[in-house]
Amino acid sequence: MRTLVVIGGGPRTAGLLERIAAQSPTVRAAVHVVDPHPPGAGRVWRHAQSPLLRMNSMAEDVTVFTDESFDGEGPVRPGPSLAEWTGIDPVSFPSRQVQSRYLSWFFDHARKSLPPTMSVTVHRATAVEVTGNRVRLDNGEMLDADILVLALGHLDADLEPEHRKLAEHAAEHGLVYVPPLYSADADLSAVTGDVVLRGFGLAFIDLMVLLTEGRGGRYVRESGQLTYVPSGAEPTLYVGSRRGVPYHSKTGYRLQGTRPKLPHFFVADALRGKELDFRADVWPLMAKEIAWGHYHELFTGHPALVRMPFPEFAVSFAALPWYSEEMRELERLAVPDPADRIDFERLDRPLAGVTFGSAEEFQEYLRSYVEADVARRSDPRHSADLGAFLALLSVYGQLAGLMPFDGWWHGYFSYLASGPPPDRLEELLALSRAGIVRFLGADMWVEAVEGAFLAGSATTPDVVRANGLVEARLPAHSLSRTADPVLRSLRATGDITEDAAGLVRVDPLGRLIGERGEADPVRFAVGPYVTGTAFAAFARPRTNAPAFKQNDRLAREILRLLGD
């Protein structure tokens with residue numbers, strides 16, 4: 001009997017098993033799944049984390065099943081979304097523990113869907129070395145793999161030189177330093193007093209929750225406004241970043257017009273095989289695609305807000321480059337309110353050129369900014385933002401297989417499309433009014449000085465002196481700095497290599513590429529740490545999710561190899 005070993009047991013592995021089962025295989029094989037965390041959920045979605053931590057997706061927007069939008073070779077096998085499986089409010093933002101149960105159930109479903117000729121054994125252990133076709137586990141077990149798949153998920157990394165120096169400074173001066181980590185894994189017990197948080201995305205939101213409500217604080221609503229009641233155990237959190245503002249709130253409404261057919265202008269297949277420069281060749285088409293989603297919803301959902309029929313606008317829009325004065329003139333002519341037009345540069349740097357005489361003035365300004373963002377993302381009158389979001393998803397999924405992610409683009413996508421639920425930003429406002437959270441501004445800087453960390457920004461002249469620094473962001477993975485023992489062992493033998501961004505190089509099917517540039521016939525890798533792979537292992541329904549198609553192709557190849 002041939003053996004398939006999959007290292008990593010999270011949602012990507014569950015999805016791969018589901019696609020293998022969907023092919024109705026007749027091969028005899030033993031499947032071994034190796035992960036110290038619960039199968040299906042894995043590390044990130046394990047149940048053993050704070051119940052206060054939540055998803056940043058609505059329950060109706062999470063599925064692990066293919067549907068009618070799927071255009072892969074394998075058969076469609078529909079199943080319940082998270083909302084349908086749990087029966088909870090479709091537009092609620094569930095806890096990660098709820099998602100953990102859904103993913104654990106899905107793994108069991110996928111395993112039971114396999115034919116009786118295929119067995120699945122789960123090893124609750126850590127793989128520590130791969131040598132040839134042998135996989136060594138930390139419990140002493142050895143597994144022989146005819147086919148090996150690395151589905152390692154999000155990984156830890158060794159400290160970068162800057163972070164190492166900051167950690168040494170903290171140790172020398174009795175300060176607190178928390179390097180980039182997954183929030184659920186971070187030891188925050190020593191975080192007290194005045195603390196700087198560098199980063200204003202989802203990692204910050206998690207840390208904000210754990211360091212406030214997680215320490216006994218609570219929220220009450222008084223006269224319609226949310227108020228925070230401290231426990232007294234909270235530190236004072238000084239937060240800043242490059243942009244100086246939090247990620248945009250998730251939308252709380254559905255499309256008001258017709259659903260756009262995507263992709264429309266940005267079609268990755270039309271660009272393959274060309275020498276591409278991201279800024280010159282790719283981004284203008286991406287911007288036009290996202291703007292198309294925005295205006296398609298504005299015109300079809302809110303005809304009273306525009307000055308011409310949609311077909312007339314669409315013809316002119318299609319003929320013009322996004323970065324042209326003629327396109328700007330079309331927008332001015334067709335869309336009277338500037339708030340209904342989309343401006344990617346203004347969205348990217350909302351504090352560019354904005355300065356304040358004092359930190360107090362800036363606190364008021366940024367509270368107003370966040371209040372306006374929550375109001376806009378909660379008002380169906382602005383559902384064009386949701387149209388742009390759907391186009392963002394289409395673009396993001398296609399780019400993964402076209403070229404390496406541009407560092408700016410991945411952050412920009414997350415900032416626009418992967419923000420927190422609106423009530424998290426309401427909590428941020430309440431914490432700001434209570435003086436628990438203080439905003440630093442844009443182009444934030446940090447210095448390690450005798451006995452402290454100093455922090456400031458280009459937005460105000462104020463400088464903060466703190467006894468702690470927390471990196472409110474995930475570790476940036478690169479193969480040369482990976483903390484994963486399996487990748488380290490494969491790198492040491494030259495069986496894997498990295499691209500310029502530090503990602504593990506694989507061919508379009510996921511085969512590992514070694515030092516000689518040859519693709520390994522029986523060893524594969526998928527996930528956010530490899531080239532050309534979609535990040536998300538689950539998806540929004542009816543979006544023809546790239547991860548599902550990648551799983552489908554890999555499942556077909558695995559079954560071919562098992563049958564040889």
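I began with helix α8 (residues 325–334), where Met 327, Leu 330, Glu 331 and Ala 334 are buried (under 20% relative accessible area, 1.4 Å probe, protein chains only). These residues lie on the same side of α8 because they cover an arc of only 100° around the axis, taken from the directions from the helix axis to the C-beta atoms. Helices here are DSSP runs of H or I, at least four residues, numbered from the N terminus.

I noted the ground rules. This is a predicted model, with local features needing pLDDT of at least 70 and side-chain atom pairs pLDDT 80 or more, while totals for chains, interfaces and linings use all residues. Numbering runs from 1 along each chain, and side-chain values use heavy atoms, without hydrogens and water.

Next I looked up the partners of α8. Its buried residues pack against α6 and α7 (310–319). I then checked Phe 317. Beyond four places in sequence, its contacts (heavy atoms within 4.5 Å) include Trp 292, Tyr 295, Met 327 and Leu 330.

Of its 90 residues, Trp 283, Tyr 295, Phe 299, Phe 317 and Trp 409 touch the most other members. Helix α6 (residues 278–301) gives the largest share, 11 residues. A second, separate core has 41 residues, including Val 64 and Ala 555.

Last, I looked at which residues lie nearest the centre of the second largest pocket. They are His 248, Leu 347, Arg 376, Arg 377 and Asp 385, out of 27 lining residues. A pocket is an open set of points on a 1 Å grid over the protein atoms alone, where a 1.4 Å probe fits, with protein on both sides within 12 Å along at least five of seven lines; lining residues have an atom within 4 Å of a point. Helix α10 gives the largest share of this lining, five residues.

Technical notes
A nonpolar core is a set of buried Ala, Val, Leu, Ile, Met, Phe, Trp, Tyr and Cys residues joined through side-chain atoms within 4.5 Å. Buried means under 20% relative accessible area, exposed over 50%, partly exposed in between (1.4 Å probe, protein chains only). Helices (H or I, at least four residues) and strands (E, at least two) are DSSP runs, numbered from the N terminus.
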